[in-house]
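Biologist: Please take a close look at a single part for me. Pick one chain and walk me through it, from the overall build down to particular residues.

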Amino acid sequence: MTLAEANQPGAVPAPDPGPVLSVEGLTVSVRTEAGLQPLVQDLSLTLKRGETLAIAGESGSGKSITSLAIMGLLPPPAVRVTAGRIRLGATELTALTESEMRSLRGDRIAMIFQEPMTSLNPVLTVGSQIAEAIRAHQHVSRGEARSRALAALASVRLSQPERRMAQYPHELSGGMRQRVMIAMALAMRPEVLIADEPTTALDVTVQREVLDLLRDLQRELGTAIILITHDMGVVAEMADRVIVMKSGRKVEEAAVGSLFHAPAEPYTRELLAAVPRIGDRPDRTLRPDAPADATVAELSDVVVRFPIKTGWLGRAALNVHAVEHVGFDIRKGETFALVGESGCGKSTIARAMVGLVAHSGRIAIGGQVLTGQGRGEARSLRRRVQMVFQDPMAALDPRMRVGELIAEPLLIHGIGSASDRRARAADLMLRVGLSQDQLDRYPHEFSGGQRQRICIARALALKPDLIIADESVSALDVSVQARVLGLLKELQEEMGVAYLFISHDMAVVDNISDRVAVMYLGQIVEMGTRAQIFTNPRHAYTRRLLDAVPVPDPSHRRQHRERPGGEVPSPVYRTGEGPGRLTLRDVGEGHLVAGAG
Amino acid sequence: MAGYILRRLVQSALILVGISFVTFVLLYVLPADPVRQIAGRSATAETVENIRRQLGLDQPFVVQYGRYLAALLQGDMGRSYLQKTEVTELILSRLPATLQLMSAGIVAELVLGLSMGVAAALMRGRAGDQLLMMASFVTVSAPQFVVSLLLLYVFAVKLGWFPIGGYGTAAHLVLPAVTLGILGSGWYSRMMRSSMIEVLRADYIRTARAKGLSGLRVVLGHALPNAILPVVAMIGIDIGIFMGGIVVVESVFGWPGIGQLAWQAIQRVDIPIIMGVTLVSALAIVIGNLLADLVAPLIDPRIRLR
């Protein structure tokens with residue numbers, strides 16, 4: 001059953017000539033000690049029935065504030081609409097009282113959010129949360145609301161909708177939760193759906209499914225969608241028209257085709273230029289082939305398992321097989337990328353390599369073999385490997401000055417005098433593109449990109465052979481991301497450091513890596529040079545992964561295949577059981593593929 | 001589930017043995033001499049020694065504790081030195097009164113504390129919030145006997161709405177229970193306030209509002225069940241502090257429970273009773289914690305007991 005049939009049998013409204021939603025001169029301001037500060041200024045937009053309007057921009061551009069203003073959900077009392085009008089059909093939203101606005105919310109205008117993990121109430125069942133959305137607007141019996149909630153779940157192509165009704169959010173995967181959010185938002189057949197970064201937190205294959213679903217439902221229901229996103233690939237695939245925002249103002253508005261092919265504004269051009277694209281980099285001229293002993297890390301047959309359920313005597317009954325029989329080498333000065341979706345074990349490998357989790361099998365860093373106990377690995381070993389994490393704010397102690405943070409590894413290893421260390425920190429600051437007089441500032445005084453540069457400087461302090469970059473650019477805006485990637489490459493050229501680059505973003509991996517290993521459920525399914533993996537993917541999973549990446553080119557839209565959102569295969573097994581071991585086969589020139597390929 | 005409860009009960013038994021040891025040591029090194037209390041001021045040195053020998057108090061510590069533990073494991077908590085009655089019997093006869101006061105007191109402190117906390121969170125930063133938090137500060141810092149006596153004076157002596165003391169009817173229960181409620185409400189209101197403020201910022205609250213739910217439904221249906229979780233864990237821990245309050249309140253209101261029994265026993269160094277009441281209180285705390293842990297998964301399905 002489709003949502004249309006489920007909710008309003010037979011009632012397909014006649015096409016409306018006027019816009020469904022129009023915003024005129026919208027200004028949203030926040031009250032601060034320094035007076036009213038505008039977050040969004042003089043924004044106008046119109047949205048036609050059945051159309052998708054993308055609002056694109058980097059963090060701080062005011063795109064999310066705009067959507068909250070339309071929903072009447074601005075955080076009171078500090079943030080409010082200070083000028084402009086918002087009209088939904090014939091209704092002037094800015095003139096409504098809170099209770100009038102409430103009756104529209106979820107009924108005529110609905111919203112889905114970025115984090116499906118936190119956007120559903122953890123203590124209520126999926127069914128009750130959807131039924132509640134229906135009962136908030138229509139006086140129907142509990143049974144009626146329940147059956148309509150079930151129909152809504154079925155309409156978002158969730159497998160076993162009957163069972164999902166009684167499940168709690170934590171029992172569902174991220175993609176399934178976002179489907180639930182969509183079912184909830186569309187249950188009342190709203191005229192307008194605002195989707196605020198709906199797929200940003202999802203894996204790329206799941207993102208593909210959710211985007212396809214949104215487009216299908218839009219076609220069925222004629223809902224107008226405002227899609228808020230920072231991802232130009234998603235914009236290209238989904239939007240009819242695009243508004244580019246920067247610092248609270250509209251920079252450019254255009255049909256999607258002309259925006260991508262002939263951007264009018266310099267900012268738009270910059271933004272599009274910064275977007276990483278698969279296959280737009282020439283192969284790196286390889287350094288003179290290093291001798292065979294110039295590896296910085298060797299892994300063979302590495303296994304990491306975590307017990308998750310213990311029986312009476314503390315024996316594990318179930319185990320997460322996070323990493324299964326993984327082996328690869330990282331050569332001096334190269335960038336080796338590990339790609340895969342969340343839960344595939346890529347970060348666990350990184351943690352095993354720095355001795356943070358116990359493993360079996362062999363990990364050698366610069367010829368020195370790790371004990372595998374997960375604790376107390378030799379300091380000399382830790383000196384050779386450093387890490388840069390995803391969230392630089394969380395990785396920097398907010399109460400330490402930047403100079404202290406960068407010099408701390410030297411202090412821990414007892415290198416140099418206090419003034420030596422400070423001089424080295426100053427050097428490193430310069431090296432990563434920051435200035436020396438910022439040494440005494442605190443992390444919160446820097447932007448996200450600058451903080452990640454500080455983390456990189458800290459990782460470089462000990463002159464390591466290998467830096468493990470675990471999703472190090474994933475949280476950054478594209479323009480910042482491009483600059484940080486450039487910095488990483490420069491530093492590599494200059495210092496000959498090797499990177500283990502862990503990422504879920506295929507375009508970024510294509511941009512920076514020399515060799516790539518694709519992981520799925522704890523095992524490597526394919527490994528080879530960047531060109532081998534990206535131009536000649538042999539394993540079905542690698543192909544699926546590459547195929548799912550949104551292409552930042554509107555003329556490249558493709559047909560999708562229908563796939564119901566079911567359960568994700570799990571790496572959890574009973575003690576004594578485990579996944580079948582994949583064997584990698586060379587299909588030519590060191591390109592390794594699991595199974596038949 | 002049954003396995004979990006069994007494991008927790010075995011742990012609890014070990015905890016109780018540990019508590020019996022610590023209490024026994026503390027009473028052993030106490031400078032007060034129970035034999036002096038029994039014999040009276042005028043007793044001769046010989047009488048005192050006789051009594052000491054009869055009670056086995058002349059034995060070394062290890063022997064004394066060994067005997068006590070051996071008896072305890074058979075369910076025998078010994079005899080009161082002064083009342084010449086089995087301690088088990090004394091405690092059992094007074095336990096119903098204490099349990100009654102305890103349940104009424106816990107209900108009172110939860111109703112008061114939670115509603116104050118939720119109200120303060122919703123009025124965050126405004127005058128009402130500050131007023132409520134000031135009130136909670138007063139209740140947290142007020143001594144137990146002051147609150148008891150104040151309520152007793154105003155509502156029993158001056159207004160005559162409730163009996164001055166004693167036990168039996170619902171009217172007797174009101175003042176002591178309200179006293180306990182007021183004393184405990186400060187902690188709960190502060191905890192509930194901060195928990196509620198945090199939950200109100202959560203993404204799922206925004207989702208609930210985006211669905212068009214009314215403010216009341218958002219608070220009661222979505223925020224409260226999430227905000228109450230840390231409070232539930234607190235109830236288990238709080239029973240220890242609560243038992244301390246009960247000793248004072250029972251004494252002030254003449255409530256014939258084990259708190260009053262303990263108070264009298266402490267004054268007269270009646271060691272078997274002190275030991276018995278301590279162990280029963282410890283048991284209450286252990287059971288309270290177990291119940292809190294068992295209730296938590298009913299509120300939050302993500303919690304698994306293992």
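Modeller: Let us take chain B and begin with charge. Chain B carries 24 positive and 16 negative charges, and their mean positions lie 11 Å apart. Bear in mind that this is a predicted model.

Now the build. Chain B has 13 helices and 0 strands. Its pattern along the sequence is α-α-α-α-α-α-α-α-α-α-α-α-α. Along the principal axes, the C-alpha atoms fill a box of roughly 85 × 55 × 30 Å. Chain B counts 306 residues, and 43% of them are buried. Take the contacts in chain B with a separation of 6 or more: 73% of them join residues 24 or more positions apart.

Next, the surface. Chain B has an accessible surface of about 15400 Å². Carbon and sulfur atoms account for 67% of that surface. One nonpolar patch covers about 720 Å². Its members are Leu150(B), Tyr153(B), Val154(B), Val157(B), Leu159(B), Trp161(B) and Ile164(B). Look at Leu159(B) within this patch. Leu159(B) sits in the loop that links helix 7 (144-158) to helix 8 (170-200) of chain B. Leu159(B) counts as partly exposed because its relative accessibility is 43%, a value between the 20% and 50% cut-offs.

Now go inside, to Asp238(B). This residue belongs to helix 11 of chain B, which spans residues 229-253. Asp238(B) is buried, yet has no salt bridge. The nearest side chain of opposite charge is that of Arg190(B), 14 Å away. A salt bridge would need a side-chain nitrogen of Lys or Arg within 4 Å of a carboxyl oxygen. What does Asp238(B) touch, residues up to four places away in sequence not counted? Its contacts are Glu109(B) and Tyr188(B). Glu counts as negative, as does Asp.

Last, a place where chain B meets chain A. Asn121(A) lies in a loop of chain A, between strand 6 (109-112) and helix 4 (126-135). Neighbours within four places in sequence aside, Asn121(A) contacts Tyr204(B), Gly221(B), His222(B) and Asn226(B) from chain B, along with Gln129(A) and Pro169(A) from chain A. Asn121(A) has a relative accessible area of 0%, so this residue counts as buried.

Definitions and conventions: Residues are numbered from 1 along each chain as its sequence is written. Chains are lettered from A and ligands numbered from 1 in the order in which they are written. This is a predicted model: local features need pLDDT of at least 70, side-chain atom pairs count only at pLDDT 80 or more; totals for chains, interfaces and linings use all residues. Side-chain values use heavy atoms; hydrogens and water are left out. Helices (H or I, at least four residues) and strands (E, at least two) are DSSP runs, numbered from the N terminus. Buried means under 20% relative accessible area, exposed over 50%, partly exposed in between (1.4 Å probe, protein chains only). Contact means heavy atoms within 4.5 Å. Accessible areas come from the Shrake-Rupley method with a 1.4 Å probe; for residues, only the protein chains shown count as cover. The place of a charge is taken as NZ of Lys, CZ of Arg, CG of Asp or CD of Glu. Patches are made of residues with over 30% relative accessible area and no salt bridge: like charges are joined within 9 Å, nonpolar side chains (Val, Leu, Ile, Met, Phe, Trp, Tyr) within 5 Å.
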